[in-house]
Amino acid sequence: MIRIILYWVIFWITIPAPWVWGWTLASHPGIQVEDGLEFLPLCPQVRSTPNAPEEFLQLTNPLSPSPENIFAGQTIFHFDAKPGPCRVCHGISGNGLGILFRELTPSPRNFTCNQTMDSLPDGQLYWIIKNGSPGTAMPAFKNLENDQIWQLIHYIRHYSKDTH
Ligand code: HEC
């Protein structure tokens, strides 16, 4: 009898173990693609970006961070911006690892990095989005309306907020 109980115990400990306790390599539920990347987002990131003129550095975002404004910024970031959507360089998750990032020196800004983003006033972001960063891949987005730029700024700031 004791043997049967022993077999029973050993069976139920060993057989379900791989999928109950996640021992198999094939099943890693909850692991995100980013966790497997070898490229780590830069944080803090060294910037040699030119400073906006003083009057721009004083500006703060005139739009409210309403869901509508953030959504409008999100749409421009991922799809509509010309000459190219921000995501191809700054990445879908805003960490600077967009599909083009390996081609680019200096690297696109990592918007998820608080140390870098908290030091940048809204007006600085506005100036660079409008005028680009000369000598880098960051283009000037001349055809965006002012409001669209402020919507983008609400959107890109959301990337660094969660981690405060
Ligand atoms: C072709 C690649 C590319 C695209 C597209 C692009 N960026 Fe950038 N961006 C960069 C690079 C590279 C930098 C870093 C520039 C530097 O170090 O001076 C940068 C920097 C920035 C910065 C940082 C400014 C600062 O003062 O540090 C902001 C904000 C920014 N981009 C916003 C955007 C937004 C918004 C869009 C879309 C409307 C966009 N970028 C599209 C490549 C790109």
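Colleague: How are α4 and α8 oriented to each other, roughly parallel or roughly perpendicular?
Modeller: In this predicted model, α4 and α8 are roughly perpendicular to each other.

Colleague: Which numbers stand behind that, at what angle do the axes cross?
Modeller: The axes of α4, residues 67-80, and α8, residues 146-161, cross at roughly 90°. An angle of 65 to 115 degrees counts as roughly perpendicular, and therefore the pair is described in that way. The two axes come within 7 Å.

Colleague: Which residues in α4 and α8 meet?
Modeller: On the α4 side they are N69, I70, A72, G73, Q74, I76 and F77. Their counterparts in α8 are Q148, Q151, L152, H154, Y155, I156 and H158.

Colleague: And by class, how many charged residues does that contact have?
Modeller: The contact of α4 with α8 has no charged residues. It divides into 7 nonpolar and 7 polar residues.

Colleague: I156 is in that list. Leaving aside neighbours within four places in sequence, what is I156 in contact with?
Modeller: Beyond those neighbours, I156 is in contact with F77, G94 and F111. F77 belongs to the α4 side of the helix pair.

Colleague: Which residues touch the most other members in the largest nonpolar core?
Modeller: That core has 24 residues, and those that touch the most other members are F77, Y126, I129, I149, L152, I153 and I156. The elements that give two or more residues to this core are α7 and α8. Of the elements, α8 gives the most, with 7 residues.

Colleague: Changing topic to the ligand: how many residues surround it, and which are the closest?
Modeller: The ligand is surrounded by 28 residues, and the closest are T49, C86, C89, S133 and M138. Two or more residues of the shell come from each of α5 (87-90), α7 (122-131) and α8.

Colleague: Which element gives the largest share of that shell?
Modeller: The largest share comes from α7, with 4 residues.

Colleague: How does the shell divide into nonpolar, polar and charged?
Modeller: There are 19 nonpolar, 7 polar and 2 charged residues around the ligand.

Colleague: Lastly, the whole chain. How many helices and strands are there?
Modeller: The protein chain has 8 helices and 0 strands.

Colleague: What share of the residues is buried?
Modeller: Of the 164 residues in the protein chain, 26% are buried.

Colleague: And what share of the contacts with a separation of 6 or more comes from residues 24 or more positions apart?
Modeller: Residues 24 or more positions apart account for 64% of those contacts in the protein chain.

Methods
Residues numbered from 1 in each chain as written. Predicted model: local features only at pLDDT ≥ 70, side-chain atom pairs only at ≥ 80, totals over all residues. Axes fitted to C-alpha atoms, helices over the stretch in contact; angles between N-to-C directions. Parallel < 35°, antiparallel > 145°, perpendicular 65-115°, else oblique. Contact = placed C-beta atoms within 7 Å. Nonpolar A, V, L, I, M, F, W, Y, C, P; charged D, E, K, R; others polar. Near = placed C-beta within 6 Å. Buried ≥ 20, exposed ≤ 12 C-beta atoms within 10 Å, placed from the backbone. Core = buried A, V, L, I, M, F, W, Y, C linked by C-beta atoms within 7 Å.
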